[in-house]
Each structure stands twice: as structure tokens, then as C-alpha cells.
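Please look at the sequence and the model together.

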Amino acid sequence: MTREIAVVAFVQTRHRTREDGLSEVEMLAPVITEIKERTGVNRFGFTCSGSCDYLAGTPFAFVQALDAVGAWPPISESHVEMDAAWALYEAYVRLLHDDIDTALVYGFGKPSQGDFREVMTQQLDPYYLAPLGPDQVSLAALQARAHMERAGAKEDDLRAVAARARAAGRDNPFALHLDDPAPDEDYEVAPLRPYDIAPTTDGAAAIVLAAGDKARELCERPAWITGIDHRADAHGLGARDLSRSESTRVAGERAGARGVEVAELHAQFTHEELILREALGLGDDVTVNPSGGAMTANTVMAAGLVRIGEAAARIHDGTAGKVLGHASSGPCLQQNLVCVMEGEPRG
Amino acid sequence: MGNPCAVIGVGQTEYRTRRLDVSMAGLLREAARRALQDAGLDWDDIDAVVVGKAPDLFEGVMMPEAYLADALGARGKPMMRVHTAGSVGGSTAIVAAGLVQSGLHERVLTVAWEKQSESNATWALTVNSPHNTSLVVGAGGYFAPHIRAYIARSGAPAHIGTLVAVKDRQNALKNPYAHLKIPGISREMVEATPMLWEPIRYLETCPSSDGACAMVLASEDAARRAPNPPAWVLGTSMRSEPIFFAGRDTVLPQGGRDAAADVYRQAGITDPRRELDCAEVYVPFSWYEPMWLENLGFCGAGEGWKLTEAGATALDGDIPWNPSGGVLSSNPIGASGMIRFAEAALQVRGMAGEHQVEGARRALGHAYGGGAQFFAMWIVGSDKP
């Protein structure tokens, strides 16, 4: 079954380190309102979201968000407890059936409500790994070390990634505006220094997908999804080569990443960008993370969706012809999704 | 609807209060292996994996699909995780079916589970804690007022809930996987149990179970090569509505009516009571049988309890509901919806064993969740659409 499906609209919050005073629903509601106004669509053929109950520490985060969406009369709706990029994938698959022509996708997260590094420990194998208490940054440091030892990258290379991301982020009104990384900062967990670690961010984002003529009607220059694929690696950190991302490589190949001009990568650590660039075969001619990437707006549970939205925006504004949005889930880049979009649908 | 999709493998674990003999991964693997065996396949034959469960707080593992990737043979494959509250088992099956119907994959493994012994579900379902004082305790505390409203509105006599509790437990005696097996279950026995949330008595509620359910879904080509008869997916539907707003009818939710209308239209059904041979419907509290009989259009509003009372939903009635014993007999929450979908498939494949409804050719699988606001349904049949 083939059907032309495109990202036709993207809206995000001004991501903040700490969104005091606003609930998840209050962060999300203006985003939903804006994307409805911008597209002129109030009822969508399908709606799908991504969020995580562990950020609020209470079950059913997505239930309250539904009130912001306006689910009356009842809507066709689903939810993934993953980054909302996977909600976009579910909506994309649903749109491949030809009985609907629009889908609303959104994601939101407020990691400032808890200690995110510790919360992420609860994601690990509950019998053997989580009880040991390794936090997200410590595991990332293992991966950084593995990559540097194999590929020969130096700490200066990591800092250069942070410097580029922060410079780009300062040009992005939605991202955090962070100072240039200071070379004398102490290690957080060696070899990672504080600037190598994405700041967790509160916020929300939404995307509208549309098919065929409906996409052309809603958007002057739709970002046609010409390839989308996602893959999982082993969970056990000793059961895979941490210095590479095999799942990203396969997803990138299957999605047709070759020849992209812009890539928005969901790298939450500087070394992850290096691993992802290698896995996707991105050369120096590819503009990576012009938005600043997750290093300046790591809106947990929406950061991958934001990457797809930021990449699509380069098609929408005509500055690129072929782009890539990437999302990641699980410890040390365990699961990866690659969405390739083009200004012209694949004929 | 897209390309044809069929259930070619079903696997379930025994449902029990505690499965201390297996880890969470072991529990899922048990169901998945049985589904693969039924489908005559091995792990390598699977193209993608879709898993579902209710809130992560139930077991205390955040986004557990990451940890489960290895046990479910998902390395190098697409894997995703669905969560739509109590309806999740159904939604998960529908998302997995979509991967086949869209033509993306040939064979998809889908698994839903809950290992409730690793948590306290009543605490986890007492929403708003720890931030606010909750006015309800557990799912029963939330649904009891809806049931009282149904009784007041329909004039149903007080024993209807008891009849359902007895009927489903009698059916469970025929199901090798069922959790609650109560020989000699009777009205007196149910009525002698304590009142938990007026009018819900102890034996009118579902148990807390450990368990998993898995299915292998396949394209037409793959289904043709399957060793056992397929169950063809004739229609799928999901509907959601907000939990709170003035005027929402929690006794007869619009989302349930809309999803039923949608799935009947796809399957070409105009009179579900006559045209369906059996149904596996999410009844976690006994009174939900008459309520859902009305919501799903098996009868008019206020008439559901009469069907139950007349025995229409019994295994030998004209429209057997929950021949497996239903959620009242086994409730690993995240899996409960998928069990309904899988049991419907077993019925039309003629593989339901002792609780087989003779000659069943079209069956409904149903799940609901949240504050009776999320609905997932499918209809499966013996004949390819």
C-alpha cells in the first residue's frame, strides 16, 4: 500500500529548564490550539500522543492531556509510552489506510518534577541492573568512553559538538540559550563534562500529518515522508557494541537517509551525535542540528518529535529538499527512529 | 481497512495471583512462545513486535519495552509500546494489525501483560495520589457510582450482577488458563461475600492476576501457510473521550457506541445479537455486562439486564458473552483486553477447547479503559473478508 503522507504543520513550546506553575496539560493546551488554528483543522482522522507517567510519578498522564485536545465528540485516538516520534509512526501507519486523511500527533513532558537521572534508572532491567542504581549519565559515560576509544575522538571533539549546538540554539527562539562551553569545567562523569549532557527540558510539541491532496491543501510545501523506519538494539549494555548504533544504521538505510541535506538528531549527549553521524553516514556537507538539537531543547518525550518537526520546517520554508529527523529511546541509544522527508513526494 | 490480516497464533500464560517462578520477561516469553508454536513459526520469522501494558507504575519499571527487547526477539527489529489504560490490550492488537494491513510487515508479534504481584494495583489506580487527596479508591471506587446510576436508570433488580458473576466463573471452570476457578460457584456464594463498593461485592469484582497474552498477526500470504486455521480481522476501532465534562454519560458512553458502530460497519454487521456468534467483552465488575450489552447495541437502553436474566449471554444462550470466564475470572490488567481479542480469535478458529461456542464464525473482542472513556474493539471471522 502506498500513499503520500506529509508533515504539514509543527508547533512547539518555548522549551524551558523548569516550567514552574504550569501543569503538563497547561503546557500542551496552547500548542494544540495553535496547530488547530494554523491548519484550520479541528477534527482529525486519528490522534496519537507520547508521554511518560514516570515524569509525573502518577499513572495516566495522557488521560488528562486528552482534555486539552478536545475529544468530543469521541475521537479515534491512541498513545505510546515512548517519545512522541513513535506516536508519529503509529499515526503514519494509520494514515496508510485510505479512510482518513489527517492525523494529530503530540508529545509532552515535565522532567523538572523529579530527578530525571534517577527516574531513568527505573527504565533498566528491573532484576539485574536497576537495583545497582546506575543513572543515565553514568551509562552514557560508558558509551562515550567506548566510542572515543574505538573512533579516536578526543574530549575537544565532544566540546566542539556542544559549542556548535549551543551557538545554533541561541539562534532558535524555542531552545534554551546557553553560553559557550567552558573548557575548564569539571567532569560530571568522566569523560563527560556538564556541557556534554543535554539539559532536561519541560515542554510540548505537536505535528499534523496529512495525506495526498489534503496535505497540499493544508501546506504550501509539505514535507513528504519518503522513508520512516525504527529498530531496537539489545537492552543489555554488554550485549551490543556501545561504540556504534546498529539500530540507527539499519533504520537509516531502510528510511533512505542517503543524500539528506539537513539532519536533526536526538542526541542527548555530545558523543551520541558522533555515533549517530557515523551510523547514518552523514558527511561534513550535511547540516546537523541547525535548531541546536536536544543539547539545547531536550523536551523529554517530545524531543524526538521536535527533531522531526524541526527537520520538516526546513522543507516547509524551502531551505532544503531532503531532510532527516531522528528520535531515540531507551538507555544508550537502544531504540532509534529515522524519518526522511522530501519537498517532492516519491513518485 | 487495507490489506487482509489474520490471527494465526495465540498464546496465553496461566493467570495466577503470583507468578513467582518467572521474571516479567519470562512471563511474556511464555505467552509469545506459545503463540509462535500455534503459528508454526520461530522468532526469526517475526518482522516487528508491538507490546502493550497498563501504567508502568504497576510493576515499577519505566518503559519496560526497552528491557524486554531481548526476551521478545526484537533485536534489530521495529518494536513499539502502546499504552491506552485498560483498553491497552485491545489497542495494542489493533496497532499490530495496522502494521500488516498497511502492507509494512508480513508477520507481527504482539504481546500484552501485567505482573500485578510486583505492585499494588489498587494504590496505582487511586489516581491523583500522591499530589491530591483522592475521593475514590481503586477502579471499583470509581465505577461503583456509574453502576448505581445504571441500576437507578434501568430499574434492574439487585441480583443481576450476581448472575453475571456466577455465569462467568462457571465458564472459567472450562478454561485451562483461567485464574479464579471456584467449583460449585453459586448465587449464595457470591451474595455471602463482603460489600466492597456498594453495590459491588467481593465476588463481583475481577482478581489481580499475573499473566500475558500474545498473538501472531499475518498477511494473507503468511496466513495461507499457517498450520492452524486463521481468524480474519473483519474490523477494528478505537475511540476516546474526555474523562470529565458536564453531560458525559458514564453509564452509556458515546465513545463505546461510536466504536461499536464503526466496527460493525466495517464487518458488515447490522444486528450484532443475531449476526455475531459470541463476544469477549471487558467486564471487570459484573454489572458491566448488562451495561455493555446496551452500549454495544445488543439491545436497547435499559434492556441489557433482561438479556442477562434470561440467560441469553450464557454459554448455551443465543449470544454467549465471555465463554472464557472473562475479566471477572482473570485480570492481568494490561493483558485483559488482548485476552478478549485473542479469545474471540480462538472461537472463530474453533480452537477454544472446552469453552468453544459450537459453530462460532464471527466474534467480537472488546476492551475499555480509563474512566470508561477509552474503547478498543475488533471483529474476527472464520471467512476471509
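The model is predicted.

**The interface of chain A and chain B**

How many residues of chain A are in contact with chain B? On the chain A side there are 54, and they meet 57 residues of chain B. The area buried between the two chains is about 4,800 Å². Carbon and sulfur atoms give 63% of that area. Polar contacts are also found here: the count is 16 residue pairs, with both residues at pLDDT 80 or more. Salt bridges are another matter, as the rule finds zero of them between chain A and chain B.

Which elements of chain A supply at least two residues each to the side that touches chain B? The helices are α2 (53–56), α3 (61–69), α4 (84–96) and α5 (116–121), and the strands are β3 (77–80) and β7 (223–232). By class, this side of chain A has 30 nonpolar residues, 16 polar ones and eight charged ones.

**A helix pair in chain A**

Two packed helices are described by the angle between their axes and the distance between the axes. In chain A, helix α7 (residues 155–170) packs with helix α10 (residues 270–280). Their angle is about 95°, and the axes are 8 Å apart. Angles of 65 to 115 degrees count as roughly perpendicular, so α7(A) and α10(A) are roughly perpendicular to each other.

From α7(A), the residues in this contact are L158(A), V161(A), A162(A) and R164(A). They meet T270(A), H271(A), E273(A), L274(A) and R277(A) in α10(A). By class, the contact has four nonpolar, two polar and three charged residues.

**Backbone details in chain A**

Most residues other than glycine have a negative phi, and most peptide bonds are trans.

| Cis peptide bond | Omega |
|---|---|
| W72(A) and P73(A) | about -5° |
| A190(A) and P191(A) | about 5° |

Where does P73(A) lie? Its place is in the loop between α3 and β3 of chain A. P191(A) lies in the loop between α7 and β5 (200–201) of chain A.

N289(A) has a positive phi, near 50°, and is a residue other than glycine. N289(A) sits in the loop between β9 (287–288) and β10 (298–299) of chain A.

Conventions: Residues numbered from 1 in each chain as written. Chains lettered and ligands numbered in written order. Predicted model: local features only at pLDDT ≥ 70, side-chain atom pairs only at ≥ 80, totals over all residues. Heavy atoms only, no water. Contact = heavy atoms within 4.5 Å. Buried area = accessible area lost by both parts, 1.4 Å probe. Salt bridge = Lys/Arg side-chain N within 4 Å of Asp/Glu carboxyl O. Polar contact = N/O pair within 3.5 Å; in protein donor to acceptor, adjacent residues only side chain to side chain. Helix = DSSP H or I, 4+ residues; strand = E, 2+ residues; numbered from the N terminus. Nonpolar A, V, L, I, M, F, W, Y, C, P; charged D, E, K, R; others polar. Axes fitted to C-alpha atoms, helices over the stretch in contact; angles between N-to-C directions. Parallel < 35°, antiparallel > 145°, perpendicular 65-115°, else oblique.
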